[in-house]
Amino acid sequence: MSGRGVIEIGEAGEFGLITRVVRRFPQGPLVELGPGDDAAVVRVPDGRVVASMDLLLEGRHFRTDWSSAYDVGRKAAAQNLADIVAMGARPTALLLGFGGPPELEMAWAEEFSDGLRDECALVGASVVGGDTVRSEKIMVAVTVLGDLGGRPPLTRTGARPGDSVAVRGRLGWAATGLAGLLGPVEVPERFTAAHRRPEPPYTAGEEARSLGATALMDVSDGLVQDLGHLARGSGVGIALSSALVPLDEGVALADALTGGDDHAFVGTFPAGRVLPPSWKVLGEVVAGGGVTVDGGPVEQGGWDHFGVTS
C-alpha cells in the first residue's frame, strides 16, 4: 500500500478494482442480469437495439490536470448517451472498457465511476458490465445501448429541400473553454466547465420526434462538419445564416460553427413547422450539396482524429 493509506489499482488487482467499481452502479428495471457473469442480460422491449461507442484517451480527450475523475466519467457517458438520443431512442444500458496504469489511485477509478453513474442516472440508463486492462495511460471505451420504443429511428437521411435547420443546446462553449485551458487567454469558468463536462439536452430526441423532425444528429465534431454528414446522407445542401447562429457572450462565431464537444442536437423540420424557443432556426435545407454559411463555404474547422491538425 502506498503512503498515507492511498490504494493504487495495481495493489488492489483487477478483481479488487472491479469489485469496488461495480458496487457503485445501480441496475435499472430493464436489466435482468447485471455485472458479475460472463455477460449482462438486458431486455429489449422494441426488439431492436440502438448501439454506439466511443473512446477517450488521456492526453487526447482529457487531461487529469484539467479534469477531475468525476468530470471524465460524466463526459465519457454524456458523449455516448447523446448519440443514442440523437437517434430518437432512449438509452438503456452502458458497457465500460477501462484501462489504467497500476499506480493509478483507486480513488480516481471510484470517482470516475461515480461520474459515469450520475450521468447515466439523468436518462435512466444502467452500467451493466465491461472489462479492465493495464495500460500506460488512462483509456476509456464506452458502448451504450438504446431502445426505440417501437418507433422508427431519426437518422441523417431524411432531410428534404425546404426543411428548416434548427439546433437545441450550446454551440462553441467547449471550444472556447479549451482555448482558455490552453491559454494564454482567460475565459469564464462556464466555458472551461463545458469542455470538462458537456451537458447535452437529453430531452431533444423526444422533442424533435414530437415536432416531426425529418433528420437529427448529435453535434460532436463541429456544427458545419456534422451538418456536412447530414447533407451527404440526405443528398441535399444546407444553407446557414450567421445572423441566426445563437452566440452566447464570449463565444466567437468561428467556435460556434466549427467547435466540437458541446453535444448539442441539430435537426431538420418540415417547412412552416413552428418550433419552441429552445430550438434555434439556423437556416434551411436546399437542393444541391454541402454546407454554406451566408452563401459561402466555411474554410476551416471541425474535428478529424486522423487529420493533420488532430
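I started with Leu240 and found it opposite Gly283 in β11. Residues count from 1 along each chain as its sequence is written, and the model is predicted, so I kept in mind that local features need pLDDT of at least 70, side-chain atom pairs count only at pLDDT 80 or more, and totals for chains, interfaces and linings use all residues. Side-chain values use heavy atoms, with hydrogens and water left out.

Next I looked at the strands around that spot. β9 (residues 237-240) and β11 (residues 280-286) run antiparallel, joined by 4 bridges. Strands are DSSP runs of E, at least two residues, and helices are runs of H or I, at least four, numbered from the N terminus; two strands pair if DSSP finds at least two bridges between them.

Then I traced the open sheet: 6 strands, mixed pairing, in the order β8-β10-β7-β11-β9-β12. Its edges are β8 (215-219) and β12 (290-293), each pairing on one side only.

Which strands does helix α2 touch? I found α2 (residues 69-86) packed on the sheet, in contact (heavy atoms within 4.5 Å) with β8 and β10 (264-269).

I moved on to the largest nonpolar core, which has 48 residues. Such a core is a set of buried Ala, Val, Leu, Ile, Met, Phe, Trp, Tyr and Cys residues joined through side-chain atoms within 4.5 Å, and buried means under 20% relative accessible area with a 1.4 Å probe, protein chains only. Phe98, Trp108 and Val140 are among those with the most contacts inside it. α2 gives the most to this core, 10 residues.

Last, I noted another core lying apart from it, of 28 residues, including Trp173 and Phe191.

Note on methods. Axes are lines fitted to C-alpha atoms, for helices over the stretch in contact, and angles run from 0 to 180 degrees between N-to-C directions. Buried means under 20% relative accessible area, exposed over 50%, partly exposed in between (1.4 Å probe, protein chains only).
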